[in-house]
Amino acid sequence: LNGYTGKRDIAVLVNEKTSCFTSAGNFVQLVTNQLVDFGFIGASYDIYLFSDLDCYDFSDYKTLIFISAFDITEKQAKEIEKLKSQLSEK
(Lines give C-alpha, C1' and ligand atoms only; values in the text may rest on other atoms or scores of the structure.)
Protein backbone atom coordinates (compact mmCIF):
# COMPACT_ATOMS: atom_id res chain seq x y z
CA LEU A 1 0.00 0.00 0.00
CA ASN A 2 2.64 2.45 -1.05
CA GLY A 3 1.48 6.02 -0.43
CA TYR A 4 -1.65 5.00 1.49
CA THR A 5 -2.69 7.86 3.77
CA GLY A 6 -5.57 6.17 5.56
CA LYS A 7 -8.00 8.45 3.75
CA ARG A 8 -10.53 7.07 1.32
CA ASP A 9 -10.86 8.99 -1.90
CA ILE A 10 -14.45 9.87 -2.75
CA ALA A 11 -17.89 9.52 -1.19
CA VAL A 12 -20.64 9.87 -3.78
CA LEU A 13 -24.00 10.76 -2.27
CA VAL A 14 -27.09 10.24 -4.40
CA ASN A 15 -30.46 11.77 -3.58
CA GLU A 16 -32.80 8.79 -3.65
CA LYS A 17 -35.80 11.11 -4.07
CA THR A 18 -34.64 12.07 -7.56
CA SER A 19 -36.59 9.25 -9.16
CA CYS A 20 -39.82 10.72 -7.76
CA PHE A 21 -39.30 13.97 -9.68
CA THR A 22 -38.16 12.62 -13.03
CA SER A 23 -39.21 10.05 -15.54
CA ALA A 24 -37.36 6.74 -15.57
CA GLY A 25 -35.34 7.82 -18.61
CA ASN A 26 -34.32 11.11 -17.03
CA PHE A 27 -33.32 9.34 -13.82
CA VAL A 28 -30.98 7.12 -15.82
CA GLN A 29 -29.46 10.17 -17.47
CA LEU A 30 -29.15 12.17 -14.25
CA VAL A 31 -27.82 9.49 -11.95
CA THR A 32 -26.94 6.14 -13.43
CA ASN A 33 -24.82 7.47 -16.29
CA GLN A 34 -22.82 9.59 -13.83
CA LEU A 35 -22.17 6.58 -11.62
CA VAL A 36 -20.87 4.63 -14.61
CA ASP A 37 -18.44 7.48 -15.32
CA PHE A 38 -16.99 7.20 -11.82
CA GLY A 39 -15.56 3.84 -12.84
CA PHE A 40 -13.15 5.66 -15.17
CA ILE A 41 -11.74 8.31 -12.81
CA GLY A 42 -8.95 6.23 -11.33
CA ALA A 43 -9.86 6.86 -7.70
CA SER A 44 -11.71 4.70 -5.23
CA TYR A 45 -15.25 5.70 -4.36
CA ASP A 46 -18.17 4.56 -2.27
CA ILE A 47 -21.82 5.31 -3.02
CA TYR A 48 -24.29 6.40 -0.35
CA LEU A 49 -27.84 7.70 -0.30
CA PHE A 50 -28.72 11.12 1.09
CA SER A 51 -30.61 9.33 3.85
CA ASP A 52 -27.19 8.03 5.00
CA LEU A 53 -25.92 11.55 5.78
CA ASP A 54 -26.56 11.28 9.50
CA CYS A 55 -25.68 7.56 9.74
CA TYR A 56 -22.05 7.53 8.59
CA ASP A 57 -18.83 9.30 9.42
CA PHE A 58 -17.56 10.82 6.17
CA SER A 59 -14.46 12.42 7.71
CA ASP A 60 -12.13 9.80 6.18
CA TYR A 61 -13.00 10.90 2.65
CA LYS A 62 -10.90 13.35 0.68
CA THR A 63 -13.84 14.46 -1.46
CA LEU A 64 -17.63 14.37 -1.23
CA ILE A 65 -19.70 14.53 -4.41
CA PHE A 66 -23.44 15.13 -4.27
CA ILE A 67 -25.44 13.91 -7.26
CA SER A 68 -28.95 15.22 -7.85
CA ALA A 69 -28.87 17.40 -4.76
CA PHE A 70 -32.26 18.96 -5.16
CA ASP A 71 -35.23 18.72 -2.82
CA ILE A 72 -33.11 18.05 0.23
CA THR A 73 -34.55 18.32 3.71
CA GLU A 74 -33.52 20.97 6.20
CA LYS A 75 -31.86 18.25 8.29
CA GLN A 76 -29.85 17.08 5.26
CA ALA A 77 -28.83 20.68 4.48
CA LYS A 78 -27.51 21.04 8.05
CA GLU A 79 -25.58 17.78 7.74
CA ILE A 80 -24.04 18.97 4.46
CA GLU A 81 -23.01 22.28 6.05
CA LYS A 82 -21.47 20.37 8.96
CA LEU A 83 -19.50 18.20 6.52
CA LYS A 84 -18.32 21.26 4.62
CA SER A 85 -17.06 22.81 7.85
CA GLN A 86 -15.22 19.63 8.83
CA LEU A 87 -13.53 19.36 5.43
CA SER A 88 -12.50 23.01 5.37
CA GLU A 89 -10.87 22.70 8.81
CA LYS A 90 -8.46 20.05 7.50
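The points below describe the fold, the cores and the salt bridges of a predicted model.

1. Basis of the values. Because this is a predicted model, local features need pLDDT of at least 70 and side-chain atom pairs count only at pLDDT 80 or more, whereas totals for chains, interfaces and linings use all residues. Residues are numbered from 1 along each chain as its sequence is written, and side-chain values use heavy atoms, with hydrogens and water left out.

2. Secondary structure. The protein chain contains 3 helices and 3 strands, which follow one another along the sequence in the pattern β-α-α-β-β-α. These elements are DSSP runs numbered from the N terminus, with helices being H or I over at least four residues and strands being E over at least two.

3. The sheet. The 3 strands form an open sheet in the order β2-β1-β3, with parallel pairing, where two strands are taken to pair if DSSP finds at least two bridges between them. At the edges lie β2 (45–49) and β3 (61–67), each of which pairs on one side only. Neighbouring strands of the sheet are turned against each other by 25° on average, direction ignored, with axes fitted as lines to C-alpha atoms (for helices over the stretch in contact) and angles running from 0 to 180 degrees between N-to-C directions. Strand β1, residues 8–14, pairs with β3 in the parallel sense over 6 bridges, and F66 in β3 is the bridge partner of L13.

4. Of the 90 residues of the protein chain, 26% count as buried; here buried means under 20% relative accessible area, exposed means over 50%, and partly exposed lies in between (1.4 Å probe, protein chains only). The chain exposes about 5,900 Å², of which carbon and sulfur atoms supply 55%, the areas coming from the Shrake-Rupley method with a 1.4 Å probe, and for residues only the protein chains shown count as cover. Among contacts (heavy atoms within 4.5 Å) with a separation of 6 or more, residues 24 or more positions apart account for 75%.

5. Nonpolar cores. A nonpolar core is a set of buried Ala, Val, Leu, Ile, Met, Phe, Trp, Tyr and Cys residues joined through side-chain atoms within 4.5 Å. The largest one has 10 residues, namely A11, L13, Y48, F50, L53, F58, Y61, L64, I80 and L83, and the elements that give two or more residues to this core are β1, β3 and α3 (74–89). A second, separate core of 6 residues includes I10, V12, V31 and I67. Leaving aside its neighbours within four places in sequence, F50 has contacts that include L13, F66, I67, I72 and I80.

6. The structure holds 4 salt bridges, each being a side-chain nitrogen of Lys or Arg within 4 Å of a carboxyl oxygen of Asp or Glu. One of them joins the side chains of D9 and K62 at 3.3 Å, N to O; since D9 lies in strand β1 and K62 in strand β3, the pair ties together parts that are 53 residues apart in sequence. K62 counts as partly exposed, at 48% relative accessibility.

7. E81 and K84 form another, with the closest N and O atoms 3.1 Å apart, and they lie 3 residues apart in helix α3, about one turn of the helix. E81 is partly exposed at 44% relative accessibility, and K84 is partly exposed with a relative accessible area of 47%.
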